[in-house]
Amino acid sequence: MLIALLLAAAVVVSLPWWLPGRVVALRVRVFARINGDEGIPVPGDLVGIERFKEVYAHPAAGGRSRGAALSDVFWYWLSPGPEMHQEHLEAGERYESVARVTRGLLAVPRAEAEELTRRCAARTLNDARGLVRLRDLMMPLWAEFSYELVFAEPCPRAARDLIVGNASDVSASLKCTSLRHMERRHRLTRYLLTRLPEVRVPLPSGLSPLEQAFYLHGAFFTTAVVQMSEAMAHLLMVLAQHPGVQARARTDDAHYLDQVIAETLRLYPLFGIAHRITTAGIPLDEHTTIPAGSVLCFNYPEFHRAGFDDPGRFDPARFDPARVDRPAKDLNHIPFGIAANRPCPAWRLAPIVMRVAAWDVLRRYALHSSAAHTRSMPNRGPCLLTPLQAAGNVRAALLFMSFRDRWEDVWRSVVQLVLGTYMVWDARRKRLCEHYFDDPSENRHAHPGRRDRPGHAP
Ligand code: HEM
């Protein structure tokens, strides 16, 4: 009896060391089962790492949504109005008009973008200290930043809350730590509908007001806020776990901080997989062609590991121009996508403003973290912030953080398995993308979003 009790206790105590890994592996298998095996992994058996960029940049690797079951899952997570999100639009007039407006809104002179970041940091970071979650810390900053990019005025508190409510809901559902809360997201769409006349550039013509609101919602109040918060959480987490890098980054050496940002986005790319649907055959050699209608799944983390020594090690010197023997464009490093195939429109702006935000945090606080740091960061980046002048002994806090993180991981991995399975199943059942493109009427754009919540369009 005593032995059985001791064994049971040993199993329970050891849970954090073996359960989360197994549950994650099970989740991957369940997702693959529900999604089917439509995707061609790149790199993989058909396309090796050496042809990754060539195939990604191929003009026939151009379909974005139509014809991939995977799209149903992304449309579900990024609702409402996923058919108006820039990244989901197929090439054509609608896409061009939307992409033009995005470029216009992001074309802010460097000094203005830096100043805007400083202002938003001053408004949002003042009260932070103690144990925080870095992604939550960063969201209000980027919510205010995006708001001001779009409306050219300081963000009112109520609007910030709407934006953060939407972005954190999207982020949590993408990581399967929570279900979608559509009403939180619809509240933001309704608000944006009332503000369309105040947007500082003309919105794409030929779109209904609801479509315009969905476009802004998707690009500036979901993608921009989620991606910037996630990227900054990774950067601050890396600084918190590498005290030498943190101390050097605190100096005003912009080149060094740029190398830290580049290496952070190499090790923790924000995209796990980006998919494309081929619009024509892609010949690989005289015997092999990737057929039209194939779903190519470009694996960023794998690409970023190939071609680097000891790829799992964090080493900003990999991007020191004095130390690398190849031009930057030849490195396996595409944190903002591929120039020839719909890269991120914020590729220039994002690193500039990340640097300013990082300096702002580093000037105020010493950062420490003993929590796990993974690419999907479901723990939202636990970190201890201590004001620089008041830095003291942090060992007890770090022990507590590490203990809490391990046990949270046990519970979270089970939650992710259950909620993730439900959402992937629900997305495949709703088939938002497939139904949208199946609609034979010329006017399928007339009621965007209606299929997500029939009868409850915002
Ligand atoms: C550090 C922050 C960011 C990173 C690392 C990042 C990364 C990426 C990547 C890798 C892609 C291309 C994916 C593909 O090939 O399918 C992409 C696309 C996109 N990103 Fe970003 N992004 C960031 C911030 C932003 C911001 C601030 C915006 C603001 C509007 C933004 C808007 C978009 C849009 C609209 C697309 C789709 C482009 C298209 O299909 O035309 N991103 N991003």
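**Backbone and helices**

Analyst: Arg380 is buried, with 24 other C-beta atoms within 10 Å; buried denotes 20 or more such atoms, C-beta atoms being placed from the backbone. This is a predicted model, in which local features need pLDDT of at least 70, side-chain atom pairs count only at pLDDT 80 or more, and totals for chains, interfaces and linings use all residues. Residues are numbered from 1 along each chain as its sequence is written.

User: What phi does Arg380 have, although it is not a glycine?

Analyst: Arg380 is placed in the loop between S7 and S8; strands (E, at least two residues) and helices (H or I, at least four) are DSSP runs numbered from the N terminus. Although Arg380 is not a glycine, its phi is positive, at about 65°.

User: Is Met377 buried or exposed?

Analyst: Met377 lies in the loop between strand S7 (365–368) and strand S8 (382–387). Around Met377 there are 21 other C-beta atoms within 10 Å, so Met377 is buried.

User: Which residue just after H14 takes a positive phi?

Analyst: Helix H14 has 36 residues. Just after H14, a positive phi of about 50° is taken by Arg431.

Terms used: The expected span of a helix is 1.5 Å times one less than its number of residues. A residue is buried if 20 or more other C-beta atoms lie within 10 Å of its own, exposed if 12 or fewer, and partly exposed in between; C-beta atoms are placed from the backbone.
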